[in-house]
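The points are grouped by topic.

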Amino acid sequence: VPAVRWDVHAQKMLPEPIASRVRHTGFVRSAELADNAVFAVSPAETAAMDPCQRLVLEFGYAALHDAPLDRAALGGSLTGLFLGFAGTVVLGCSDEPEQTTGRGAWGARELPVVTARVERAPLIDSIKSVGTARARQSLTLYTESAGVVTFAKLAPDAEVRQGDTLLKLDDRDQVLAVRQAEVELAEAKRTLTRYLSLNETDANIPPSTIDTAQSNLDLAQIRLSQAQVELSRREMKAPFSGRLGITDVEIGDRVDSSTMITTLDDRSTLLVDFTVPGSFTGKVVTGLKVQARQWESPDDNRTGTVIAVDSRVDSTTRAFRARVAIDNTADNLRPGMAFEIDAAIKKGEFLSVPELSVQWGADGPYVWSANNDRASRSPVEMVRRANGRMLIRGDIAEGERVILEGSAAPSVLLAD
């Protein structure tokens, strides 16, 4: 017996060495030399594979190579590979009668196995997308009228509050216009008041004259309002709290409504838009927590919250847009940064078993479940591989144990 295949002296499940019971054996040559790296199979899984399984992989690869066909080019194509093999059962005989009863007897074939507990685990799909951050509110500021700058509070990156005066233009003409409108309004009020007082003393002031005086008063109020609006356009106030950008405007410069004064950003919260496959409609919703990682700083992970989801799926990309808010109270992030958004979507819970416990047969995948001291075969449906375990559906229950290593058959007794 080749030592690389089976160390007969290390077997402890038999009452005596196999060498004293079996005289002749047959082994597949060089089965231990399987190159697991070629087939992307882990060393642990390779060690647990049946030698015939290894040969199926190797002969299948050799058939493609001899064709000659490129297995990479065949990916996704309707190509079938047919393999034929035959199994041979070799029985060992001895002069002693076979024991058929008693735990540990050769007839019962008590075998040691390694088992693992069946657990329940969530199926989590991860959505990764890249987006560019922008400020919660962002504006480029222009003046509403033309004039010479007489006041400017535009220091770069300076923090301003809503309503703060940022810039003033020469407003001497507008101030005089307001004063003139105030005088005209006062005169119109006095005229209307005098006419009404005279009528109370039986003076015969025609109604048309009183109506004209009332109209003049209303027009004076409108002219005053217009003058005040023109005066307000000579200064620029911050529409919201934020920080200013760099500007080239200085006191004494002449500007007009097409001159960019500066930018204003409220970056206390950054917004990042990212695309989501249409299959996740109804799963990516407002309030969902996601992980946001700076593209340039892989170790800087932050938690964001989905605050908006688009109402339709794009007919070209079959994806929809979602928006994430990232807290920036510390003010160490800037609009324009690239972020990788990672959203974990839970899609229910399934039974979870180690990958090595799932085997393949003619009818599909199955596991050996250990019931007391017996092994039974249970067909399963594979859902997803996740972190070295397999999520499955099947007629087994949480808490049962499945066999990872060791031979199993319905008549096998399992050693403790």
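Glutamine 174 lies in helix H3, which spans residues 172-200. In this predicted model, glutamine 174 counts as buried because its relative accessibility is 18%, under the 20% limit for that class. Apart from neighbours within four places in sequence, glutamine 174 is in contact with Glu230, Leu231 and Arg234.

**Four-stranded sheet**

- Four strands form an open sheet in the order E7-E6-E4-E9, and their pairing is antiparallel.
- Strand E7 (235-237) and strand E9 (254-255) are at the edges with a single partner strand each, so one side of each has no neighbour in the sheet.
- Strand E4, residues 147-152, pairs with strand E6, residues 165-169, over three bridges in the antiparallel sense.
- Within this pairing, valine 149 is placed opposite leucine 169 of E6.

**Second largest pocket**

- The volume of the second largest pocket is about 190 Å³.
- Its lining consists of Ala121, Pro122, Leu123, Ile124, Ser352, Arg384, Arg385, Ala386, Asn387, Arg389 and Leu391.
- By residue class, the lining of the second largest pocket comprises six nonpolar, two polar and three charged residues.
- At least two lining residues come from each of strand E3 (119-142), strand E17 (374-386) and strand E18 (389-394).
- Strand E3 gives the most to this lining, with four residues.

**Aromatic pair**

- One aromatic pair is present in the structure.
- The pair is formed by tyrosine 366 and tryptophan 368, with an edge-to-face arrangement, 6.1 Å centre to centre and 90° between the planes.
- Both tyrosine 366 and tryptophan 368 are buried.

**Asparagine 301**

- Asparagine 301 belongs to strand E12, which covers residues 301-309.
- Asparagine 301 is in contact with Gln291, Ala292 and Arg293, when neighbours within four places in sequence are left aside.
- The C-alpha atoms of asparagine 301 and phenylalanine 339 are 9.7 Å apart in space, with the two residues 38 residues apart in sequence.

Technical notes
Residues numbered from 1 in each chain as written. Predicted model: local features only at pLDDT ≥ 70, side-chain atom pairs only at ≥ 80, totals over all residues. Heavy atoms only, no water. Pairing = 2+ DSSP bridges. 1 Å grid on protein atoms, 1.4 Å probe; cavity = no way out; pocket = protein on both sides within 12 Å on 5 of 7 lines; lining within 4 Å. Points joined across faces, edges and corners; volume = space filled by probe spheres on them. Nonpolar A, V, L, I, M, F, W, Y, C, P; charged D, E, K, R; others polar. Contact = heavy atoms within 4.5 Å. Phe/Tyr/Trp six-rings, centres within 6.5 Å; stacked < 30°, edge-to-face > 60°. Buried < 20%, exposed > 50% of the residue type's maximum accessible area, 1.4 Å probe, protein only.
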